[in-house]
Amino acid sequence: ASFTADGWSRKDPKLNQLQLAISEYCVLPNASSAIKESICDDDNVRAMLFFDPEDCGKQSMVKTVATQLGALLITLSPKLIENDFFDKAEATRLIHMVFTIAQDERYGPVVLHIDGCEHFFQSSTGKQVDKSGPVRFQKDLLLYKNQAVQKKDRFIVIGTTAHPELLDSKIIKYKGPGGKPEKQGMFEKFLFFPPPDYVSRLLMWKAFINEYARDIGEEQLKGIDFSLLASKSKGLAAGSIRRCIELTRKSLDTDCKESWALSEVGLLDHLETDTAVGDDDRSRFINFAQSMELKPKSNVGVDDKKKGKGKGKSS
């Protein structure tokens with residue numbers, strides 16, 4: 001998402017823009033230790049957040065980053081840790097192990113994927129917060145990311161969320177190296193994955209149909225109105241388009257192979273079961289993106305201010 005001199009431009013990033021940003025911040029810097037060390041501190045991205053409506057491609061992009069780098073992919077999600085690491089020492093030990101591996105050249109590059117970030121980085125204060133939930137890893141993640149990771153380490157944290165409005169604004173954005181590591185914030189960069197535009201949807205329909213219907217003839221593919229499919233699927237996520245083709249294929253597979261007659265009419269019948277991303281839902285992501293563009297208060301000099309607190313005014 002982008003801004004102009006007048007404020008929010010409401011122009012969603014295109015697929016190629018997202019790919020360029022990810023190459024610039026995630027892939028190219030971690031290609032070698034020499035490249036990583038040559039980057040200036042202000043451009044050194046150690047953690048990045050992908051946010052989008054469900055099924056718009058953030059999970060696939062994390063895997064793509066790891067594949068492009070030939071990296072070890074470590075995933076941390078609420079589901080994976082829900083029945084383990086309840087003891088504080090165990091939780092700390094897990095994060096310590098992850099970052100130890102990340103700093104070991106034998107395993108690099110390493111991508112740490114934090115799925116469901118809204119569970120890990122929600123406010124840790126308040127009566128309704130489940131302290132035994134993923135939020136128990138919050139402090140250790142902030143400490144190790146801001147204190148343990150060195151510039152030469154080929155390591156990046158990629159967080160993903162479909163609910164950015166639930167994130168704690170005080171700690172989600174990196175503020176700078178001053179102050180305590182757990183107060184410095186987590187992510188340096190944020191990327192919004194919007195529902196695909198017309199051209200992207202057109203390409204997705206063709207790619208997914210070729211993937212799931214390889215046994216149908218070229219003539220039948222030529223008879224499909226991909227332009228109509230792209231138009232009718234406006235506002236739908238890439239995952240919705242893929243599911244539509246999967247459902248259509250399954251329903252046709254119940255008949256004999258000769259009846260495998262794929263058409264835009266049959267595809268659209270299954271497409272109607274999915275709900276497009278509406279303006280109200282989209283506003284959640286716009287508001288979050290807008291808030292992340294605001295310049296955070298710097299942590300530099302925080303400790304000095306605390307030291308001077310309580311002293312009387314000099315005459």
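Two strands pair here if DSSP finds at least two bridges between them. Helices (H or I, at least four residues) and strands (E, at least two) are DSSP runs, numbered from the N terminus. The model is predicted: local features need pLDDT of at least 70, side-chain atom pairs count only at pLDDT 80 or more, and totals for chains, interfaces and linings use all residues. Residues are numbered from 1 along each chain as its sequence is written, and side-chain values use heavy atoms, with hydrogens and water left out.

Start with the sheet. Five strands form an open sheet in the order E4-E5-E6-E3-E7, with parallel pairing. Its edges are strand E4 (72-76) and strand E7 (189-192), each of which pairs on one side only. On average, neighbouring strands are turned by 20° against each other, direction ignored. Axes are lines fitted to C-alpha atoms, for helices over the stretch in contact, and angles run from 0 to 180 degrees between N-to-C directions.

Helix H5 (residues 88-103) packs on this sheet. The helix touches E4, strand E5 (110-115) and strand E6 (155-161), contact meaning heavy atoms within 4.5 Å. The direction of H5 makes about 165° with that of E4.

Now follow strand E3 (residues 47-51). E3 pairs with E6 in the parallel sense over five bridges; there, Ala-47 has Val-157 of E6 as its bridge partner. With E7, E3 forms four bridges, again parallel. Met-48 is bridged to Lys-189 of E7, and Leu-49 to Phe-190 of E7.

Five of the five residues of E3 are buried, so the strand is largely enclosed by the rest of the structure. Buried means under 20% relative accessible area, exposed over 50%, partly exposed in between (1.4 Å probe, protein chains only). In a regular strand the side chains alternate between the two faces of the sheet. In E3, Ala-47, Leu-49 and Phe-51 point one way, and Met-48 and Phe-50 the other.

Aromatic rings come next. The structure holds 11 aromatic pairs. Rings of Phe, Tyr and Trp (its six-membered ring) pair if their centres lie within 6.5 Å; planes under 30 degrees apart count as stacked, over 60 as edge-to-face and the rest as tilted. The rings of Phe-51 and Phe-192 have centres 5.4 Å apart and planes at 20°, so they are stacked. Phe-51 lies in E3 and Phe-192 in E7, so this pair ties together parts 141 residues apart in sequence. Both are buried. Ring pairs also link Phe-51 and Phe-192 into a cluster that includes Phe-121, Phe-187 and Phe-190.
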